[in-house]
Amino acid sequence: MVDQKPDNIYASPLDRVTDFAFDDAVARVFPDMIQRSVPGYTTIIPMIGLITERYAKSGTNCYDLGCSLGASTLAMRHGLKNNQCTLIAIDNSEAMIKRCEHYIELDNGVAPVELRCDDIRDVEIENASVVTLNFTLQFIRQEDRPEMLKKIADGLHDGGALILSEKVYFEPSQEQEILETLHYDFKRANGYSDLEISQKRSALEQVLIPETIEEHKQRLLDSGFSSVAVWYQCFNFVSLLAIK
Ligand SMILES: C[S@@+](CC[C@H](N)C(=O)[O-])C[C@H]1O[C@@H](n2cnc3c(N)ncnc32)[C@H](O)[C@@H]1O
Ligand SMILES: O=C(O)C(=O)C[C@]1(C(=O)O)C=C[C@@H](O)C=C1
């Protein structure tokens with residue numbers, strides 16, 4: 001078993017809250033952290049498998065960009081049971097990749113998985129039928145996002161799919177306030193204290209930059225995708241399916 005712990009990273013008062021990073025401490029608590037923090041995560045993961053099954057084509061590559069511990073990777077792998085594809089999972093956090101290796105070893109899927117520790121902005125996307133960005137693009141600098149999405153669209157075959165899950169924000173601000181409040185209610189219902197919520201909020205402020213659903217849709221269309229649908233939303237977390 002890979003050792004994993006409950007998330008109490010922000011439970012005690014910190015003198016100074018530093019920027020959130022995907023380091024060893026986060027990697028150790030990550031399964032607990034993401035499930036308790038992202039409304040709908042436990043629904044989105046199996047649906048990534050289902051979407052992969054529909055769009056994957058034998059003889060192509062499937063990519064999971066920002067794979068963390070491989071939850072989305074393994075969902076994709078299970079969706080590949082009827083296809084001969086190579087699954088390429090990439091993350092630039094060494095702590096995540098080291099642990100991800102163990103989770104992949106423990107899994108009984110058959111599709112070969114290539115695990116790479118690399119910056120997804122620097123890797124080539126080629127001969128692809130399915131690409132997943134499950135809560136990763138939000139951590140990429142905004143000015144780098146158009147090029148990243150254009151590279152993905154260029155690397156996909158016609159009819160190929162990008163699954164893009166993101167935290168989003170809303171305009172007008174009243175809508176934002178309602179959905180953000182419900183997100184914090186979700187965290188509280190999952191056992192996070194007000195202190196944990198506020199310290200994590202400060203840690204993420206400069207690191208996780210959400211955009212509106214409209215901005216995401218327009219940029220995907222501008223990047224070369226022919227259609228974009230929101231297939232899932234819970235509060236301020238959404239998942240889009242973009243088809244080339
Ligand atoms: C919220 S997690 C992704 C969760 C994962 N996809 C899942 O479904 O469980 C975001 C991941 O993106 C990775 N990441 C952020 N920026 C990256 C970059 N430029 N290149 C590669 N990975 C990156 C982080 O290290 C982190 O593991
Ligand atoms: O928005 C928040 O408050 C979160 O905790 C979200 C979020 C995410 O969307 O990735 C941020 C960091 C961790 O990876 C887990 C969850």
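Biologist: Where does Phe-235 lie?
Modeller: Phe-235 is in the loop between strand E6 (227-234) and strand E7 (237-243). Keep in mind that this is a predicted model.

Biologist: What about Asn-127, what is its phi?
Modeller: Asn-127 has a positive phi of about 50°, and it is not a glycine. Asn-127 sits in the loop between E3 and E4, and with 15 C-beta neighbours inside 10 Å it counts as partly exposed.

Biologist: Switching to peptide bonds: is the one from Glu-171 to Pro-172 cis or trans?
Modeller: The bond from Glu-171 to Pro-172 is cis, with omega near 5°. Most peptide bonds are trans. Pro-172 belongs to the loop between strand E5 (156-167) and H6.

Biologist: Where's the kink in H1?
Modeller: At Phe-30, shortly before the proline Pro-31, and the kink is about 70°.

Biologist: Which residues of H1 are buried, and what do they pack against?
Modeller: Ala-27, Arg-28, Phe-30, Pro-31, Met-33 and Ser-37 are the buried ones. The buried residues of H1 pack against helix H4 (94-106) and helix H6 (173-189).

Biologist: Now the ligand. Which residues come nearest to ligand 1?
Modeller: Phe-22, Gly-66, Ser-72, Asn-92 and Ser-93, out of 20 residues around ligand 1. By class, that shell has ten nonpolar, seven polar and three charged residues. Helix H3 (71-79) and strand E2 (86-91) each supply at least two residues of the shell.

Biologist: Where does UniProt place the "binding site" feature?
Modeller: The unreviewed UniProt entry places "binding site" at Tyr-41, Gly-66, Cys-67, Ser-68, Asp-91, Asn-92, Asp-119, Ile-120, Asn-134 and Arg-201. They span 161 residues in sequence, and the farthest two C-alpha atoms are 25.0 Å apart, so they do not all gather at one spot.

Biologist: Take Cys-67 from that list. Is it buried or exposed?
Modeller: Cys-67 is buried, because 30 other C-beta atoms lie within 10 Å, and 20 or more is the cut-off. Its place is the loop between strand E1 (61-65) and H3. Setting aside residues up to four places away in sequence, Cys-67 touches Ser-72, Thr-73, Ala-89, Ile-90, Asp-91 and Cys-100.

Biologist: And Ile-120, where is that found?
Modeller: Ile-120 is in the loop between strand E3 (113-117) and strand E4 (128-134). Ile-120 is buried, with 24 other C-beta atoms within 10 Å. Leaving out neighbours within four places in sequence, Ile-120 is in contact with Leu-65, Gly-66 and Ile-90.

Biologist: Last one: which residues does UniProt list for the "domain: Methyltransferase" feature?
Modeller: The unreviewed UniProt entry lists residues 64-160. That span is 34% helix and 26% strand, and its end C-alpha atoms lie 14 Å apart.

Key. Residues numbered from 1 in each chain as written. Chains lettered and ligands numbered in written order. Predicted model: local features only at pLDDT ≥ 70, side-chain atom pairs only at ≥ 80, totals over all residues. Near = placed C-beta within 6 Å. Helix = DSSP H or I, 4+ residues; strand = E, 2+ residues; numbered from the N terminus. Nonpolar A, V, L, I, M, F, W, Y, C, P; charged D, E, K, R; others polar. Bend = angle between axes of the 7 residues up to and from the residue. Buried ≥ 20, exposed ≤ 12 C-beta atoms within 10 Å, placed from the backbone. Contact = placed C-beta atoms within 7 Å. UniProt positions renumbered as here; feature names shortened; annotations may be inferred.
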